[in-house]
6 protein chains.
Amino acid sequence: MTQREITALNVGDGEAVSPETQKYFDLCEEKLGMVPNVLKAYAFDDKKLRAFTDMYNDLMLADSALTKLEREMIAVAVSSINRCFYCLTAHGAAVRELSGDPVLGELMVMNYRVADLSDRQRAMLDFAVKLTEKPAEILEVDRQALRDAGFTDRDIWDIASVAAFFNMTNRVAAATDMRPNHEYHSMAR
Amino acid sequence: MTQREITALNVGDGEAVSPETQKYFDLCEEKLGMVPNVLKAYAFDDKKLRAFTDMYNDLMLADSALTKLEREMIAVAVSSINRCFYCLTAHGAAVRELSGDPVLGELMVMNYRVADLSDRQRAMLDFAVKLTEKPAEILEVDRQALRDAGFTDRDIWDIASVAAFFNMTNRVAAATDMRPNHEYHSMAR
Amino acid sequence: MTQREITALNVGDGEAVSPETQKYFDLCEEKLGMVPNVLKAYAFDDKKLRAFTDMYNDLMLADSALTKLEREMIAVAVSSINRCFYCLTAHGAAVRELSGDPVLGELMVMNYRVADLSDRQRAMLDFAVKLTEKPAEILEVDRQALRDAGFTDRDIWDIASVAAFFNMTNRVAAATDMRPNHEYHSMAR
Amino acid sequence: MTQREITALNVGDGEAVSPETQKYFDLCEEKLGMVPNVLKAYAFDDKKLRAFTDMYNDLMLADSALTKLEREMIAVAVSSINRCFYCLTAHGAAVRELSGDPVLGELMVMNYRVADLSDRQRAMLDFAVKLTEKPAEILEVDRQALRDAGFTDRDIWDIASVAAFFNMTNRVAAATDMRPNHEYHSMAR
Amino acid sequence: MTQREITALNVGDGEAVSPETQKYFDLCEEKLGMVPNVLKAYAFDDKKLRAFTDMYNDLMLADSALTKLEREMIAVAVSSINRCFYCLTAHGAAVRELSGDPVLGELMVMNYRVADLSDRQRAMLDFAVKLTEKPAEILEVDRQALRDAGFTDRDIWDIASVAAFFNMTNRVAAATDMRPNHEYHSMAR
Amino acid sequence: MTQREITALNVGDGEAVSPETQKYFDLCEEKLGMVPNVLKAYAFDDKKLRAFTDMYNDLMLADSALTKLEREMIAVAVSSINRCFYCLTAHGAAVRELSGDPVLGELMVMNYRVADLSDRQRAMLDFAVKLTEKPAEILEVDRQALRDAGFTDRDIWDIASVAAFFNMTNRVAAATDMRPNHEYHSMAR
């Protein structure tokens, strides 16, 4: 797939990816069975790709008191507010897969508020969604609500960072009309 | 300044920064006359700091057909929508400095729409602000408006990436109540 | 399933449905393989159930220049604005099934604007969504846009009626926390 | 009055109404002194007219613990949010007439929040208006507020159904530019 | 009527109005048949009352290329956006009276967009309402639309000033819960 | 500076101001070192200028339990919501000057919510901003919150009047594209 097939932009099209990037893509194929289109979209510039993957991998895969599922739930709840087709598709699949609960994935996509969540996870998503919709109105009372739900200040950093990150990627995807890999749609249904 | 003085969170407080980070901070002091507080906020974790600075430096300082001033104008116009005290202060100062026009900095903070801009720069900011406010409604017509104003598809990528990045940092700053260095306020007035 | 399992309300719970309604439910089982939960939710009162099904069947199944798929697309695009878990689930499945295109169903749920639609269908959904979000701002120019896309005045009546109907059912479902049949989620993926 | 005089659409114009419908209209003339224009608008299709009147009559006139005045108050408060000229006119008149209080009718049209209402009626309208404006944010706490104000679960069903119904009719009226009978304006002033 | 009966505030209550103000009120009684409650609300302070009436009388009664009816139409369209019970009641009556068209008054209260207006008056109200809802987005194109509809720059000043003034009074009335004189409701129906 | 240089309108341009107005302008020069552009904008009509200055001077300079700084803080917080370049510039300077705290001025411009305010001042600004954004939703509970923060009913009148006044002037400035005197930008930094 060329850039033009993944996004509406004609950026670096036709050029071969660098050997370093090819190696990374081979690893993706091996571990995920595909190269996520977002990576191909960034592949026209090794530095941009690396900056993106470094941040993504740290936020979504590195150690944190938030489970990987919780981080994916934040990703989808935020992407639902922004109605991001790419992120809802890719991360909705991740929620279905990590939770083993296809309905939970749908609820995150459609309306997290009506999901049957623990107080902890509801507080987490309420914060992430308020941060998405009304960042200027986040006050100490919102941070305290997270602490009251059992989160540490470091956890708040992580919740905020993941929610903020998807507010970025949702907009890169929207601006470029980025298309998700077709495989995601049928995954873990 | 400790983390607690920079943000409302108590994260990694009291720990010394790593030698690598200290070296980076020394470089900041030398080149900027200060260490921007956002870097101190991220300093509790070298990987997070590095991921942030790699992305920041690529977007704001690396080669692009967008001038550095234009990238800062996007940063401030986006931060104005999100009412981010940290980013408006730090990047408002950058607009004043890079343009040599203190009023332009104020206009970006207050209401970019009433600034006296070239068609190119107005198109750029209109796109960045729509992407901020209504990402789900960005369509081909919006990309075409940028092309009509003289931007290439690669430029669109850069405009989108900068606007998206500040939609992330605005929210990290809001979530943590991040405070800008006091020096910014009087800079280039 | 009792009312309490389908909605958050305890209405007419425990009472057996009337013979007439039971007959209708048996027919549903036979033709659809299930009784849609919305019907069970209304079953506590035969008159209300009948009023609902008469209107639903006329709008969604009777003769119209809009195809059944188009009517379902309107249903899902409207329900996406209102974030209605019940209707997105049930009618998202219908879009997948009637179109044979699982991705189209997802696009209607997530963001109809980025779907690859004909001008006719885009005009239809633009009208339905504006009518949902800003009914007070519908003007002759909006009706004319439908005529320009090839719709007759009678078609406009049908588009408006379907969009309006789901603005009703979305709110009945939201107010009562109505839960969709589990079967819908895996249908036609 | 032909369809074209009642709405902006040319639907079934010029055709005589069916004998069954004519009989219904005669009854309206006899009991109300007029045929409400909404009925004339639907009269081009007997099935649609009957589905509409069956649902309307059940919701607004059948037995319910909500008084007819309360149901009309919901109708007007909802229509005020959607700024529906037809429904505000017709149901504003109904509130004036049923309450014998012309100012109450005006308050429902203009801003129900500043009316001097009982706690019960305020809770009822707060729910109806939130359901109108933010259906995705209705949660158990909102239903509980109604129970705390003395409403049963069946009453909640009725409040929700009336509010939802006018979210439908407001949009049919807006989409078709439906005009109310002139008589309503001076009624019960 | 004391202040407490007119507003929710207890300001200057019980004190007699000054002789100068009493004279003005006598004049109101003579010419209007009543003292508008807004004047009584301001009467606790002669300077505030005089500042208010000077501005009001200049804007609404002095020479202008806008007719008095047009100025009242702006008043009501603006007050409809802000849902101001006092101003909708008092100035809705004025539109009915000055136009001799009770339905026009209702349309301004309910939804000016569906009124059958001249291009000139529609442009005037579109500007006034955009200025009310989105003042930050008023651009040269909006002023030009007024010029294209036949307005001079001085007329634009007057349209803007009247719309802006009611954005003030709507908020004084809302903040104080100001109640209109009962007489307005039945006037010119 | 002519009207055309101060606003986008060509109103009364070229005419000399009246002797009375010239005297007033001379006084401004003497006391403020400049004639604020808003006064020049109104100078084409002595009555309009006088009505404006009478109201302004009473609200912002006359006796009140609100300090002049507090009134300026309201002015800027309101103007920030409306993104008014003129008022943010002129009154932002006033906050910096009266408080001797340049950062406080910036916080009012950028996001008053993250300022470190007393409970009294936060309550005052929360009311002023809600009155600006959602006047129709101001209820007794909002007035009571001000009383609980120590304000009298007369103080509430003053808070409301100042907030309402800037909702007017913001819109006059927006409608006319009014430009602030250049001197404000560097004042009290």
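Is D:Asp158 buried or exposed, and what is its relative accessibility? At 5% relative accessibility, D:Asp158 counts as buried, where buried means under 20% relative accessible area, exposed over 50% and partly exposed in between, with a 1.4 Å probe and protein chains only.

## Basis of the model

This is a predicted model, in which local features need pLDDT of at least 70 and side-chain atom pairs count only at pLDDT 80 or more, while totals for chains, interfaces and linings use all residues. Residues are numbered from 1 along each chain as its sequence is written, chains are lettered from A and ligands numbered from 1 in the order in which they are written, and side-chain values use heavy atoms, with hydrogens and water left out.

D:Asp158 belongs to helix α10 (residues 153–176) of chain D; helices (H or I, at least four residues) and strands (E, at least two) are DSSP runs, numbered from the N terminus. The side chain of D:Asp158 is joined to that of D:Ser64 by a polar contact of 2.8 Å. A polar contact is a pair of N or O atoms within 3.5 Å; within protein, one must be able to donate a hydrogen and the other to accept it, and residues adjacent in sequence count only if both atoms are side-chain atoms. Not counting residues up to four places away in sequence, D:Asp158 touches D:Ser64, D:Ala65, D:Leu66 and, from chain C, C:Lys48; contact means heavy atoms within 4.5 Å.

D:Thr21 is placed in helix α2 (residues 19–32) of chain D and is buried, with a relative accessible area of 3%. Leaving aside residues up to four places away in sequence, D:Thr21 touches D:Ala43, D:Asp46 and D:Leu49. The C-alpha atoms of D:Thr21 and D:Ala123 are separated by 39 Å, the two residues being 102 apart along the chain.

## Chains A and B

Chain A can be laid on chain B with an RMSD of 0.0 Å by a turn of 180 degrees and a shift of 0.0 Å along the axis, copies being superposed by least squares on the C-alpha atoms of residues with pLDDT of at least 70 in both. The two copies are thus related as by a two-fold rotation axis. In chain A, the C-alpha of A:Met168 is nearest the axis, 2.6 Å from it. The same surface serves both copies, since 100% of the contact residues of chain A recur in chain B.

In this interface, 44 residues of chain A are in contact with 44 residues of chain B. The area buried between the two chains is about 3800 Å², of which carbon and sulfur atoms give 67%; buried area is the accessible area (1.4 Å probe) that two parts lose on being put together, summed over both. Between chain A and chain B there are 2 salt bridges, a salt bridge being a side-chain nitrogen of Lys or Arg within 4 Å of a carboxyl oxygen of Asp or Glu. B:Lys48 forms a salt bridge with A:Asp58, with the closest N and O atoms 2.9 Å apart. On the side of chain A that touches chain B, α3 (37–42), α4, α8 (119–133), α9 (140–148) and α10 (153–176) each supply at least two residues, and α10(A) gives the most, with 16 residues.

## Helix α4 in chain C

Helix α4 (residues 46–61) of chain C has 16 residues and reaches 21 Å from its first C-alpha to its last, close to the 22 Å expected at 1.5 Å a residue; the expected span is 1.5 Å times one less than the number of residues. C:Asp45 caps the N-terminal end of α4(C), where a side-chain oxygen lies 2.9 Å from the backbone nitrogen of C:Lys47.

The buried residues of α4(C) include C:Lys48, C:Phe52 and C:Asp58. These buried residues pack against α2 (19–32), α3 (37–42), α5 (68–82) and α10 (153–176) of chain C, together with α4 (46–61) and α10 of chain D.

## Salt bridges

Over all chains, the structure holds 77 salt bridges. The side chains of D:Arg50 and D:Asp54 meet in one of them (3.3 Å, N to O). Being 4 residues apart in helix α4 of chain D, these two residues are separated by about one helical turn. D:Arg50 is partly exposed at 42% relative accessibility, and D:Asp54 is partly exposed with a relative accessible area of 26%.

Another salt bridge brings together the side chains of E:Glu106 and D:Arg189 (3.0 Å, N to O). E:Glu106 lies in helix α7 (residues 102–110) of chain E and D:Arg189 in the segment after α10 of chain D, so the pair joins two chains. E:Glu106 is buried, with a relative accessible area of 5%, whereas D:Arg189 counts as partly exposed at 23% relative accessibility.
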